[in-house]
Amino acid sequence: MSATFRLPTGGLIDRDTALRFTFNGRSMTGHPGDTLASALLANGVHAIGTSVRYGRPRGIVAAGSEDPTSLVQIERPFPEPMLTATTVELHDGLVAYGLPGQGRLADEPDPARYDAKHVHCDVLVVGAGPAGLVAALTAARGGGRVVVVDEQDRAGGALLGTREYLGERLSQEWVADIVAELRGTPGVLVLDRTTAFGVYQDGFVLALQRRTDHLGFDAPADAARQRVWRIRARQTVLATGAHERPVVFADNDRPGIMLAGSARTFLHRYGVLPGTRAVVFTTNDSAYRAAIDLARAGLDVATVVDARPAAPSVLAARCSARGIEVRAGHVVTGTEGDARVTGVRIAPLPGADGTPETVDCDTLLVSGGWNPVVHLFSQARGMLRYDSGLGAFVPGEELPTVRVAGSATGALDLTSCLRQGRAAGLAAALAAGFAPVDEDELPVSGERTDEQPGTVMWRVPGEPRKGAPDTRFVDFQRDATVSDVLRATDAGLRSLEHVKRYTTIGTAHDQGKTSGMITAGLVAEELGVELSEQRPTTFRPPYTPVSFAALAGRDRGELHDPVRVTAQHPWHVARGALFEDVGQWKRPWYFPLPGEDMDTAVLRECRAAREGVALMDASTLGKIDLQGRDVGSFLDMLYTNKMSSLKVGRIRYGVMCGVDGMVIDDGTVIRLAEDRFLVTTTTGNAATVLDWMEEWLQTEWPHLDVYATSVTEHWATFPLVGPRARDVLAGIAPDLDVSNGAFGFMEWRDTVLDVGAGVPARVCRISFSGELAYEINVTAWHGLAVWEALMAAGERYGITPYGTETMHVLRAEKGYPIVGQETDATVTPQDLGMSWAVSKKKADFIGKRSFARAENTRPDRKQLVGLLPVDPQVRLPEGAQVVGTDRLPDPPVPMLGHVTSSYRSAALERTFALAVVRSGRERLGETLYVPVGDDLVPVTVTESVLYDKEGARRDG
Amino acid sequence: MTADTSSRTSPLTAWADRLADLAPALTAVERPFLTQLTVRVSDPEAVVAMGEALGVAFPAAPCTFTRGGGPFGDVEVLWLGPDEFLVVARSELDLRVPVEDALRAALGPARGAVVDTSAQRTTVALSGPHVRDVLAHGCAVDLHPSAAPTGTCVQTLLARAGVIIQVVDAEADMFTVLVRSSFAEYLAAWLSDACVEYRAALS
């Protein structure tokens with residue numbers, strides 16, 4: 001079908017290229033430069049979709065992102081829901097459908113790239129309309145770094161929708177010259193198709209750039225489709241323009257009813273007429289210019305209905321000259337039609353001459369005045385002021401770093417907009433420390449200023465027929481009517497914020513761009529209050545919808561979160577390890593041999609550690625180097641036990657509590673010298689513990705001579721565990737006397753390993769398994785080589801690499817708790833049976849005060865115990881509850897505690913668990929029950945230490 | 001004693017070829033095994049003495065680094081905090097022990113700390129016409145030459161990894177990024193991904 005509403009000439013479109021697209025199953029053509037909306041209008045299509053609650057046909061109301069109704073679902077090139085046809089740039093092969101209020105997300109992964117980029121500037125200008133362009137040029141000529149963002153595919157702003165002269169030249173030529181100069185100025189970045197959607201503190205502005213959407217199927221796969229610009233500007237000029245405001249009347253939502261200025265934009269920018277015969281309904285002068293332009297282009301404009309008592313005489317005369325009747329003192333009281341408006345009911349206002357009449361037409365153009373786009377100014381915490389002449393909120397104050405220029409201030413004529421742009425650009429440049437050069441004279445607009453002021457009318461007087469549904473729509477997308485607003489005020493709501501939430505007006509994709517001001521006016525009218533005393537609703541980001549894909553950017557897939565690995569990681573991968581995520585670290589979980597399942601592999605690894613020798617990569621453990629004269633006393637405060645008495649060359653285990661006395665971390669403390677210690681932390685708490693130390697050092701005890709430095713990644717750390725560990729170590733550390741007498745438990749030695757030309761190492765005799773064990777520390781540079789050397793040296797003893805699961809089983813057999821598994825921020829050292837690690841002699845330490853609290857000394861606190869299922873093959877699920885009876889009583893069931901760890905033990909030849917149980921240590925020998933599915937599994941309470949209670953294995 | 005150098009591996013050994021492939025959009029080369037010591041000191045005399053021991057004065061201005069030569073060859077001192085510095089000896093020799101000894105001697109009885117953190121981070125030299133573009137995709141710090149001249153040194157996030165960025169030569173678009181060893185592969189993967197568009201534009 002041919003494009004019957006496309007004019008033979010005019011518009012900023014490439015008529016030589018035809019683009020095929022499909023809408024609601026129908027094939028049509030348009031041109032580069034079109035939006036989906038303009039191409040549809042060119043094809044005579046006004047009905048887009050249906051409304052969300054009432055299923056009423058809805059069309060295209062506006063030409064830009066303020067449009068409340070033209071929601072479409074894109075199907076091809078890639079499914080995307082809830083876009084407005086007015087913001088979708090047409091491309092070849094586009095397939096779209098109109099939506100009944102809601103769309104669907106793609107059920108396949110989005111192949112497009114999205115990214116983000118930071119940019120810094122002296123002056124950011126939002127909006128490349130006349131005011132913004134002048135502001136940007138003024139700032140740029142001063143030499144500052146300038147960023148200009150504009151939502152449209154080309155600069156010009158409101159000038160794109162008119163045909164005006166600036167001085168002697170068409171405004172488009174003037175725009176092109178300024179853009180060329182800006183683009184050619186070093187330090188200036190001009191971003192089109194870029195919407196500033198959020199303004200935050202300190203000049204931080206987020207903007208979304210649609211980089212390849214308009215290319216459709218030709219979009220390059222390696223270019224980011226959309227980019228979030230993270231802009232930090234010293235000064236910001238908002239030249240965001242104004243949105244035309246509708247007037248509410250009955251059946252104001254039919255397709256074919258459009259804002260007058262938008263129809264003018266469709267004419268001048270796209271060479272499209274909105275229909276064949278139109279009625280224009282206005283409260284101000286601007287719609288006359290639309291009527292005249294459209295009539296000149298061939299639209300049959302039947303009448304201009306002006307709500308003001310008198311029409312502007314010059315404009316009215318120009319209308320008459322074109323055969324357009326002008327009716328002052330009249331309003332539109334309703335419309336007829338179904339999928340398209342077919343007639344408009346017109347009536348005189350009280351006191352005006354005339355009779356009600358219905359005028360046949362297929363187009364109704366409406367103007368209720370203009371709302372300055374103050375969204376971003378409001379986001380910047382700028383106060384708004386009600387301008388009763390405009391019937392709109394305008395910026396009400398000057399902000400130190402945010403200026404507003406152009407019609408965003410409420411200025412209605414081009415000459416004022418240009419002057420404001422110049423002033424704002426100059427002020428911003430000066431504030432940013434630049435002195436702009438002398439400027440050329442600003443051009444003078446050929447368009448006349450308004451003859452007479454507009455009147456403010458939120459809705460046409462009159463009520464719906466009794467019993468009939470209200471069709472006076474305020475928010476089209478939410479299907480919210482005047483009656484809905486009145487229902488809110490009748491319910492006693494006075495605040496606009498409450499009315500917004502009650503009616504949902506302003507919460508759809510358009511965020512109330514065309515409905516918000518009207519709602520405020522209706523509420524004020526109904527409550528009999530002045531709008532100047534009403535607080536407008538808060539504008540919040542985003543100004544226009546932003547997809548989650550764009551916000552996620554490239555933080556997807558392998559880049560979603562950093563994966564931290566040790567130097568030995570490639571070896572683990574090659575050996576077939578499965579990995580466990582611990583914080584951001586990948587730790588080997590277990591190393592299955594071919595055909596082994598997890599249980600088999602873990603039993604084998606455990607057996608090796610208890611009977612032969614096994615090796616683990618514990619390099620992820622946090623390590624903090626502490627230097628200074630006061631480290632000993634600092635650690636005395638940090639740990640529950642005494643550290644200052646530790647001798648150089650020795651190691652002590654320590655528990656750390658919060659001020660509430662609850663365990664936050666544990667680890668070993670090594671004394672390297674009188675004034676130097678090295679402490680280890682759990683893998684997941686390395687940064688937390690360092691921050692904890694710094695917090696105390698910087699805020700409470702700055703007098704202490706203590707310096708804490710993370711060395712976590714400097715060291716590779718390998719526990720070498722098992723009865724043959726000493727043999728393996730002796731083989732690789734020829735200078736070290738490894739005998740028990742010379743190198744005792746909880747001691748450390750520095751030595752040189754027989755690896756390459758010799759690798760310095762620190763060996764610590766500590767054990768987290770109860771077995772003879774050495775922890776070998778070398779720099780991460782040497783980690784892989786030393787790991788391989790240990791594997792080679794241990795080969796004849798059957799050395800077995802093991803992972804975190806086996807580590808967990810071995811320590812659980814010994815009743816050693818793991819912070820974060822046995823503890824959950826409600827567990828004290830005493831609950832863990834570690835009173836021995838809590839000093840009774842120290843005057844003070846963090847958490848000490850809390851141990852005396854009644855709550856901490858209750859006898860029925862949950863305490864760490866072992867649980868042995870009566871059936872030795874049953875493994876309890878971790879997290880399962882513990883109850884006291886073999887039959888569940890009616891809820892609420894008294895819970896005694898829960899299972900914290902549960903494993904199958906090679907050494908015990910059975911399953912076992914650790915649990916925290918109320919008064920657990922008084923229940924040793926008792927039978928308790930663990931609900932698992934529909935069963936209650938009987939378990940026997942035991943001490944937490946289940947293996948080698950006398951510690952005989954420690955020395956090998 | 002000096003540790004064996006033949007048996008060392010660096011965090012980005014496996015990434016050398018993939019990083020090299022990013023040229024000419026981005027020249028990215030790991031400079032591994034540099035001697036690095038974290039120094040905590042605020043006593044002014046000790047600061048001067050340490051600088052003299054290395055042949056390079058410690059940076060006085062925040063977020064800068066100094067560079068000089070002395071008994072340990074090329075040495076850089078990076079300002080990391082009001083009393084925190086990172087000494088980096090650019091030599092290929094393992095100078096950890098002698099530099100630590102020299103710094104401790106210079107510190108004398110003053111309050112402070114000297115810690116060998118050489119393997120804690122690796123360094124990646126970045127250069128090329130798109131280096132600022134690539135960094136701007138993940139770094140919020142203004143690296144424009146007017147804001148970050150040669151000698152700038154900042155601790156910040158690059159994507160989701162903590163890094164130290166040195167502006168080695170602002171006019172020649174040369175930077176050094178120091179990254180924790182465990183994050184190095186993540187950062188390399190991120191850098192290569194950030195280059196996709198610039199590489200495509202050049203091909």
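Predicted model: local features only at pLDDT ≥ 70, side-chain atom pairs only at ≥ 80, totals over all residues.
Started with a helix pair in chain A: α4(A) and α5(A) cross in a left-handed way, left-handed being when the near helix is turned anticlockwise from the far one by less than a right angle. Helices here are DSSP runs (H or I, at least four residues; strands are E, at least two), numbered from the N terminus.

Residues are numbered from 1 along each chain as its sequence is written, and chains are lettered from A and ligands numbered from 1 in the order in which they are written.

Back to the pair. I looked up the axes of α4 (residues 260–270) and α5 (residues 286–296) of chain A: they come within 9 Å and cross at roughly 35°. The axes are lines fitted to C-alpha atoms over the stretch in contact, with angles from 0 to 180 degrees between N-to-C directions.

Who touches whom? From α4(A) I noted A:A260, A:G261, A:A263, A:R264 and A:L267, and from α5(A) A:S286, A:A287, A:A290, A:D293 and A:L294. Contact means C-beta atoms, placed from the backbone, within 7 Å. By class I have 6 nonpolar, 2 polar and 2 charged residues. Ala, Val, Leu, Ile, Met, Phe, Trp, Tyr, Cys and Pro count as nonpolar, Asp, Glu, Lys and Arg as charged, and the others, Gly among them, as polar.

Then chain B. Its domain assignment gives domain 1 (13–33 + 120–202) and domain 2 (35–116); such bounds come from an automatic or database assignment. In chain B, 8 residues of domain 1 are in contact with 7 of domain 2. On the domain 1 side, β8(B) gives the largest share, 3 residues.

Note on methods. Contact = placed C-beta atoms within 7 Å.
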